[in-house]
Amino acid sequence: GLDSLQGHAVSIDFDQQRMAVTKSRRGGLVGSDPADIVVQAKSLHGQLVVTDAFYRGVRVRVVLDTGSVVSMGNLALRAKVARRQSAFRQITLSSVTGDTLTGAYAQIGEVSMGAVIFQNLPVAFADAAPFRQLGLNDKPAILLGMDALKQFRRVDIDFASRQVRLALPRTPR
């Protein structure tokens, strides 16, 4: 579980298709490219939560969820999105335990997380247990899954320093 990652950093390198867990370094993430985006985060019940995310001016709590293939929004966020979104599809998700969860699926417009802007982010909306466990049922929140994180070349998460570094995709020459 995540409690075993305290004091560690996780690096997911999508270019090399590698994931590594290392001891956290004092001072946080080092050796970053100046073009990388570093976002300061905070912990909530042991989960790393990025607090400076917004959807159309509405503050959204973002929990990085490297164990999820798809990004998932709670019902409070769905209520905000529904005002501007008419096309939701029903979707059934399966968990690692074999449980299923039915939700509404849509691409939502601009979500900004620090200097990062996600356009047309695909999100499944459901009343999922992680939102209840984190006390995020009533506030707009999203579990940012690997579908969103893989847009970057590399994602580094330092749990001890509460920093997330996102390496932007290389621009074609």
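**Close-up views of a predicted model**

View A. F118 is buried, having a relative accessible area of 2% (buried is under 20%, exposed over 50% and partly exposed in between, with a 1.4 Å probe and protein chains only). The model is predicted, so local features need pLDDT of at least 70 and side-chain atom pairs pLDDT 80 or more, while totals for chains, interfaces and linings use all residues. Residues are numbered from 1 along each chain as its sequence is written, and side-chain values use heavy atoms, with hydrogens and water left out. The protein chain contains 3 helices and 15 strands (DSSP runs numbered from the N terminus: H or I of at least four residues for helices, E of at least two for strands). Of its 173 residues, 43% count as buried. Among contacts with a separation of 6 or more, 61% join residues 24 or more positions apart (contact: heavy atoms within 4.5 Å).

**View B. The aromatic pair of F88 and F125.** The whole structure holds 2 aromatic pairs (Phe, Tyr or Trp rings, the six-membered one for Trp, with centres within 6.5 Å; planes under 30 degrees apart are stacked, over 60 edge-to-face and the rest tilted). F88 and F125 make an edge-to-face pair, with 5.9 Å between centres and 80 degrees between planes. F88 belongs to the loop between α1 (75-82) and β8 (89-94) and F125 to strand β12 (residues 121-125), so the pair ties together parts 37 residues apart in sequence. F88 is partly exposed at 22% relative accessibility, whereas F125 is buried at 1%.

**View C. The aromatic pair of F118 and F152.** The ring centres of F118 and F152 lie 6.1 Å apart with their planes at 90 degrees, so this pair is edge-to-face. F118 is in strand β11 (residues 116-118) and F152 in the loop between α3 (146-149) and β14 (154-158), so parts 34 residues apart in sequence are tied together. F152 is buried, with a relative accessible area of 6%.

**View D. R78 over the ring of F88.** R78 lies over the face of F88, 4.2 Å from the ring centre (a charge over a ring: NZ of Lys or CZ of Arg within 6 Å of the centre and within 35 degrees of the ring normal).

**View E. The open sheet of 5 strands.** The strand order is β2-β1-β14-β15-β3, with antiparallel pairing (strands pair if DSSP finds at least two bridges between them). The edge strands, β2 (18-23) and β3 (37-40), each pair on one side only. Strand β15 (residues 163-167) joins β3 through 4 antiparallel bridges. V39 stands opposite V164 in β15.
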